[in-house]
Every structure is written in C-alpha cells, then in structure tokens.
Amino acid sequence: MPLHSVSVAGVVVRDDGRVLAIRRADNGTWEPPGGVLELDERPEDGAAREVLEETGIHVSVERLTGVYKNMTRGIVALVFRCRPVDGVERTSSESTAVEWLTPAEVETRMAEVYAVRVLDALNSATAPHVRAHDGRHLLETA
C-alpha cells in the first residue's frame, strides 16, 4: 500500500503585502519556499526551517492556511502564513532566485497549484482551505 508524503511551505508576508517566493533550481518554477517535513519535526518548525534554508529569512509562523493534496503523487502539503523577523534574502542550492512578489506577480509567475496556496494565505478572513490537485491544476470539489 503506497504511503503519503507530507510537505510544508511558508507563505511569508511582509508589512507591505509582498510575499516571499523562490525560483526552484531543479525545475525553474516559482513557488513559496517549502519542502519535506522531517519525521521528528512539528509542521510549524518544518515550515520555518524550509523558509530559512531556501531563502535566508527567519520567520514567525502564524497559522495554518491550507492543506493541499497532490492526488497524482500522494503528497499532502501543509501551508502556513508566516511573517519575516530577521535575515537577508539569499539563494540556496534549491533556489536560483529569491524575490518579494506582489499578489498580482504571484498570479502571473506561479502555476495555479502554488498561486492558490499564496492567495489562500493572504485571505486571512477564512478558515484553512482544503484542496486537491493533479500537480498542475486544482480538482473540482465533490
């Protein structure tokens, strides 16, 4: 029986409303920073670790904003809204660019399945979103 993989991501929002994003080194796509949750790690700690590793930015994790399942690959992503507290932007072995994007830039640069994670996190009036996708596009809810 196949197992699920759990990943975490941080949507880091500055006071001016811009969002931290990376251009991934392996495939060139723009995404919020994130990665695989370690077995001995709390989800919030994993999100903060991934943001720091990939961008150089220390964050305070505020709250869970969404749960997203890639139905094709069996990956469940937990996405947290964060705020920057320290650090200077830098690339890593996993990122070729680190930028603070406007919500409009998020919509044009990121694939739908990543842009929706950021936009869900920016919509602070709602409970966490739960969405399924095929790796590229959202799937309709039942």
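Mentor: The buried residues of α3 are covered by a set of elements including β1, β2 (19-24), β5, β6, α2 (103-109) and β8, where contact means heavy atoms within 4.5 Å. The model is predicted, so to speak of a local feature requires pLDDT of at least 70, side-chain atom pairs count only at pLDDT 80 or more, and totals for chains, interfaces and linings use all residues. Residues are numbered from 1 along each chain as its sequence is written, and side-chain values use heavy atoms, with hydrogens and water left out.

Within α3, the buried residues are V113, A115, V116, R117, V118, D120 and A121 (buried is under 20% relative accessible area, exposed over 50%, partly exposed in between, with a 1.4 Å probe and protein chains only). Helix α3 spans residues 112-122 and lies across β1, β5, β6 and β8, running at about 120° to β5. Helices (H or I, at least four residues) and strands (E, at least two) are DSSP runs numbered from the N terminus; axes are lines fitted to C-alpha atoms, for helices over the stretch in contact, with angles from 0 to 180 degrees between N-to-C directions.

Now for the sheet itself. Its 5 strands form an open sheet in the order β4-β1-β6-β5-β8, with mixed pairing (two strands pair if DSSP finds at least two bridges between them). At the edges are β4 (34-36) and β8 (129-133), each of which pairs on one side only. From one strand to the next, the twist averages 30°. Another helix, α1 (residues 43-55), packs on the sheet and touches β1 (5-12), β4, β5 and β6, with its direction making about 110° with that of β5.

Residues 57-70 of β5 run antiparallel to residues 75-87 of β6, and 12 bridges join the two strands. Along β6, R83 is the bridge partner of S60, and I75 is the partner of N70. The hairpin of β5 and β6 has 4 residues between the strands, and G74 there takes a positive phi near 70°. With β8, strand β5 runs parallel, joined by 5 bridges; H129 in β8 is the bridge partner of G66.

E62 is partly exposed, at a relative accessible area of 42%, whereas R81 is buried, at 18%.

D120 is buried, with a relative accessible area of 6%, and R131 is partly exposed, at 27%.

For context, the structure holds 14 salt bridges. One network of them links E38, E41, R49, E50 and E53; R49 and E50 form a salt bridge with the closest N and O atoms 3.1 Å apart, and both R49 and E50 are buried.

Methods
Salt bridge = Lys/Arg side-chain N within 4 Å of Asp/Glu carboxyl O.
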